[in-house]
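Here is a friendly briefing on a protein model, meant for reading with the structure open beside you. Take a look at the chain, then follow the topics below.

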Amino acid sequence: MKKDIVNNLADFIDPSVPPSGNGCVECDQSGSWWVHLRRCAKCGHIGCCDDSLNRHATTHAATTGHRIIQSFEPDESWFWDYGSNQFDDGGPALKPPSSHPRTQSVPGPAERLPRNWPQMLG
């Protein structure tokens with residue numbers, strides 16, 4: 001992705017919206033778990049990544065049309081555009097916090113993570 005392309009997609013990004021929480025909304029509701037977290041740049045929805053069992057971030061983008069996500073992992077600030085299937089390592093600062101707490105396990109949450117989680121993702 002060309003540097004700063006997400007800055008040209010203002011209709012899909014709202015920097016004033018905080019994240020919906022520290023974990024995947026749907027996984028928290030169902031008692032499931034995730035590998036990594038992604039944040040919707042439009043509404044702040046936190047969903048699990050495509051390496052996760054449930055892929056809620058992608059489902060959210062498909063059902064809402066909110067096509068830009070940002071990593072919600074510590075020390076990662078990249079964006080992904082589902083509309084163009086492109087990556088961008090730059091973009092606007094979104095309302096804090098920019099990641100889940102560093103103390104939160106990855107994958108996680110630790111108390112819901114099955115012992116055989118790698119085989120489940122197989």
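Aspartate 28 and arginine 112 meet through their side chains in a salt bridge, 2.8 Å from N to O (a salt bridge is a side-chain nitrogen of Lys or Arg within 4 Å of a carboxyl oxygen of Asp or Glu). Aspartate 28 lies in helix H1 and arginine 112 in the loop between E5 and H3, so this pair ties together parts that are 84 residues apart in sequence. Helices (H or I, at least four residues) and strands (E, at least two) are DSSP runs, numbered from the N terminus.

This is a predicted model, in which local features need pLDDT of at least 70 and side-chain atom pairs count only at pLDDT 80 or more, while totals for chains, interfaces and linings use all residues. Residues are numbered from 1 along each chain as its sequence is written, and side-chain values use heavy atoms, with hydrogens and water left out.

**Salt bridges**

- Side chains of opposite charge can pair when their charged atoms come close.
- A search of the whole structure finds three salt bridges.
- In the pair that opened this briefing, aspartate 28 is partly exposed at 39% relative accessibility, and arginine 112 is partly exposed at 25%. (Buried means under 20% relative accessible area, exposed over 50%, and partly exposed in between, with a 1.4 Å probe and protein chains only.)
- Another salt bridge joins the side chains of aspartate 81 and arginine 67, at 2.7 Å from N to O. This pair links distant parts of the chain, with aspartate 81 in strand E4 and arginine 67 in the loop between H2 and E3, 14 residues apart.
- Is aspartate 81 buried or exposed? Aspartate 81 is buried, with a relative accessible area of 1%, and arginine 67 is partly exposed at 23%.
- Aspartate 75 forms a salt bridge with arginine 102, where the closest N and O atoms are 2.7 Å apart. Here the link runs from the loop between E3 and E4 to the loop between E5 and H3, 27 residues apart.
- Both partners are exposed: aspartate 75 at 69% relative accessibility and arginine 102 at 60%.

**Helix H2**

- Which residues of helix H2 (residues 56–64) are buried? They are His56, Ala57, His60 and Ala61. These residues cover an arc of only 140° around the axis, which puts them on the same side of H2. (The arc is that of the directions from the helix axis to the C-beta atoms.)
- An α-helix has 3.6 residues a turn, so residues three or four places apart point the same way.
- Exposed residues Ala62 and Thr63 sit on the face of H2 turned away from its buried side.
- The cover over the buried residues of H2 includes helix H1 (25–30), strand E1 (37–40) and strand E2 (46–48), where contact means heavy atoms within 4.5 Å.

**Backbone features**

- Most residues other than glycine have a negative phi, and most peptide bonds are trans.
- Arginine 55, which is not a glycine, has a positive phi of about 55° and is found in the loop between E2 and H2.
- The peptide bond from proline 96 to proline 97 is cis, with omega near 0°. Another cis peptide bond joins glycine 108 and proline 109, with omega about -5°.
- Proline 97 is found in the loop between strand E5 (86–88) and helix H3 (117–121), and proline 109 is found in the loop between E5 and H3.
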